[in-house]
Structures are given as C-alpha cells and as structure tokens.
Amino acid sequence: MKAVAVNQFKSIPQVMDLPEPPVKAGTIRIRLAAAGLNPFDWKLVDGILENQMPHVFPMILGTDGAGVVESVGAGVDRFKVGDRVYGQMIHPPVGEGSYAEMVTVPDSVAIAAAPHSIALSDAAALPTAGMTALQLLDRSGLTEGQKLLLIGATGGVGSFLTQVAKARGIYVIATASSEESAARTQQLGAAETINYKTAPVEEQFPGGADALIDLVSDKVNFEKMLPLVKKGGHVNTTQFVADKDRIHELGLRGGNFETKGTPASLDALRELIDNGRLTVPVDRRIPLDQAPQAIADSRAAKSKGKTILLIDTSLD
C-alpha cells in the first residue's frame with residue numbers, strides 16, 4: 001500500500017510502498033478515505049514520544065483519519081465490516097498511522113461512528129482538533145454571556161473552538177493576523193477580533209475576560225495575557241508553557257492542557273456536525289503524495305484551517 005513515513009527520527013517524510021497491515025485479535029482494519037494533518041504528526045517525527053511509547057520504522061505518520069471498516073479481528077464487537085468510522089488512529093507502537101491507504105488499530109482506541117451529514121474525507125479533519133476544542137471549552141467552565149479571549153483562533157483547533165463557543169452563547173474575542181483572517185474568524189462566530197500584527201494584544205484589549213485559551217504563545221507571551229483575565233478566571237495553554245505558581249499568584253485557575261481522545265468526545269462532535277452546529281473549515285484538500293510538502297508548511301505555520309490528505313474518495 002502507499003503510505004507516508006520516515007525511516008528514522010528527524011528525517012524528511014517520504015511516500016513509500018509498504019505492506020498492508022495485518023488484522024489481529026482485538027483490532028480492526030480500516031480502508032481510509034482521508035487523513036487529517038495535525039502539527040502533532042510532525043512532532044512525532046521529531047521524537048516527541050520517543051521515550052514514552054515504543055515506535056516502529058518505517059514509521060507511518062498520521063493521527064486522524066476516516067474510512068470504512070474492511071476487516072475485524074477476533075473478539076471485536078464495537079464495529080463490523082462496512083461501518084463508516086473516524087477518530088484518532090495513534091496507538092502503541094507509534095508508526096502505524098493514518099497517512100496510508102489502510103490502517104489497523106485496536107478497537108479500544110478513540111474511534112467512533114462517523115458523522116453521516118458530511119463526507120468521510122471531511123470527517124478526517126475533525127478528531128484531534130475537534131476534541132481539543134470541546135475539551136478546552138469544557139475545562140474553561142464558561143457559560144452563556146461570558147467572555148473568552150482566544151489566542152490562535154485561525155488554525156484548526158481555533159476554528160472549531162470559535163464555532164462551539166458561539167453555539168454555547170459565549171462571547172469570543174479572537175486574534176487574527178489580517179483583515180482576511182479576521183473576517184473568516186467572525187464568520188465562524190467571533191464577536192470581536194484583534195489584529196496582533198498591528199500591536200501586541202495586551203495593548204489593544206482592556207482586560208476583563210472570563211477565560212483565556214492560548215493555542216500558540218510561548219511562555220513569555222502567554223504570561224503577558226494572564227492579567228487580561230478576571231480574578232477567579234480560567235486560563236489554558238496547549239503549548240505546555242504555563243507556570244502554575246504564576247497563575248495562582250494572579251488569582252487564576254488552569255494551566256497546561258492535553259487532549260484526551262475518547263469515543264464519547266467523538267460522539268459529541270458527530271452530534272454537533274449532524275445537527276448543523278459545527279462545520280469543518282478546510283483550507284486544503286490534497287493527494288497523499290503531497291503530504292511531505294504539507295507537513296513542511298505546517299511546520300512553518302503556513303496553514304489556515306485544516307489540511308486534508310485525500311486517499312480514497314470513492315469511499316465518501
């Protein structure tokens with residue numbers, strides 16, 4: 001089968017011909033319609049999990065995907081052949097990912113029935129970014145009418161987060177880098193936008209947010225945002241740069257955030273999609289063999305919205 005993989009850490013991804021993955025007891029094999037690109041995928045190449053999980057090489061990249069169950073192993077009762085599914089394909093050993101025509105995963109991983117109102121190829125963009133958005137909002141504890149300061153609103157997570165917050169009646173103040181990106185963010189539900197290219201956010205926003213969600217800042221810039229949140233408010237960063245002591249000194253709650261992929265979160269995403277309350281803001285749909293360039297673009301922060309790697313659109 002065709003797959004995008006690396007032969008060692010910190011190497012350049014390549015399109016390879018690799019054996020089809022076997023089906024074992026407790027696993028399912030999925031023929032993939034598409035894979036969703038996430039920054040985490042190239043962080044795997046850099047070795048982010050090198051000392052935490054076993055790896056296999058060639059290491060097939062890809063966390064998110066959607067497709068059709070082609071085969072089930074002994075003992076599997078969650079899925080049957082022909083089911084349309086989506087979710088996070090990552091599991092130990094790392095290296096049996098979704099940038100491939102087929103993937104075999106344990107049926108216990110974060111996989112669920114795919115939304116029926118959108119194509120499988122679009123569903124492939126949802127799992128990691130969508131679950132992160134849902135869980136961040138839940139963690140923030142925001143309720144209708146409260147204000148959220150969202151830093152990094154134009155990427156995949158930010159695009160989903162803005163929509164879900166809007167659906168919950170939350171007032172979103174989002175950062176953007178241009179009039180074009182500001183308009184796109186407002187279409188997704190932001191009530192206000194701040195162009196951080198004009199001046200630092202802390203010089204433009206007077207403060208008084210009930211929560212801060214920061215998807216992009218380093219430690220210095222994240223800490224500059226903290227005084228913009230009311231005492232007792234909640235702050236979260238996905239960049240693992242939070243100093244809990246500093247957060248507590250300012251009378252705030254929160255800190256570093258890590259997504260926990262679960263079938264329940266995928267079910268909640270599916271419901272939002274199928275009820276028309278969430279759309280997938282796709283930036284690019286490209287063939288699998290263009291994945292190496294797309295990964296390079298993601299590293300350079302050139303992506304807007306989500307990039308989908310098309311694998312077998314006949315499954316849509």
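Predicted model: local features only at pLDDT ≥ 70, side-chain atom pairs only at ≥ 80, totals over all residues.

**Stop one: the open sheet.** Select S2, S1, S4 and S7, in that order: they form an open sheet of four strands with mixed pairing. At the edges you'll find S2 (14–17) and S7 (94–96); each has a single partner strand, so one side of each is left without a neighbour in the sheet. From one strand to the next, the twist averages 50°.

Now zoom in on S1, residues 2–6. S1 and S2 run antiparallel and are joined by four bridges. Which residue in S2 does Val-4 stand opposite? Pick Val-15 and you have the answer.

**Stop two: the cavity.** Stay with S7, which gives the largest share of the lining of the largest cavity, three residues. To show the whole lining, select Leu-44, Ile-60, Gly-62, Met-89, Ile-90, His-91, Val-94, Gly-95, Glu-96 and Gly-97. Colour them by type and you get five nonpolar, four polar and one charged. The volume of this cavity is about 50 Å³, and the count of cavities of 30 Å³ or more comes to one.

Jump to S11 (residues 171–176) and S12 (residues 192–195), which pair in the parallel sense over four bridges. For one of the contacts, select Ile-173: its bridge partner in S12 is Glu-192.

Technical notes. Residues numbered from 1 in each chain as written. Heavy atoms only, no water. Pairing = 2+ DSSP bridges. Helix = DSSP H or I, 4+ residues; strand = E, 2+ residues; numbered from the N terminus. Axes fitted to C-alpha atoms, helices over the stretch in contact; angles between N-to-C directions. 1 Å grid on protein atoms, 1.4 Å probe; cavity = no way out; pocket = protein on both sides within 12 Å on 5 of 7 lines; lining within 4 Å. Points joined across faces, edges and corners; volume = space filled by probe spheres on them. Nonpolar A, V, L, I, M, F, W, Y, C, P; charged D, E, K, R; others polar.
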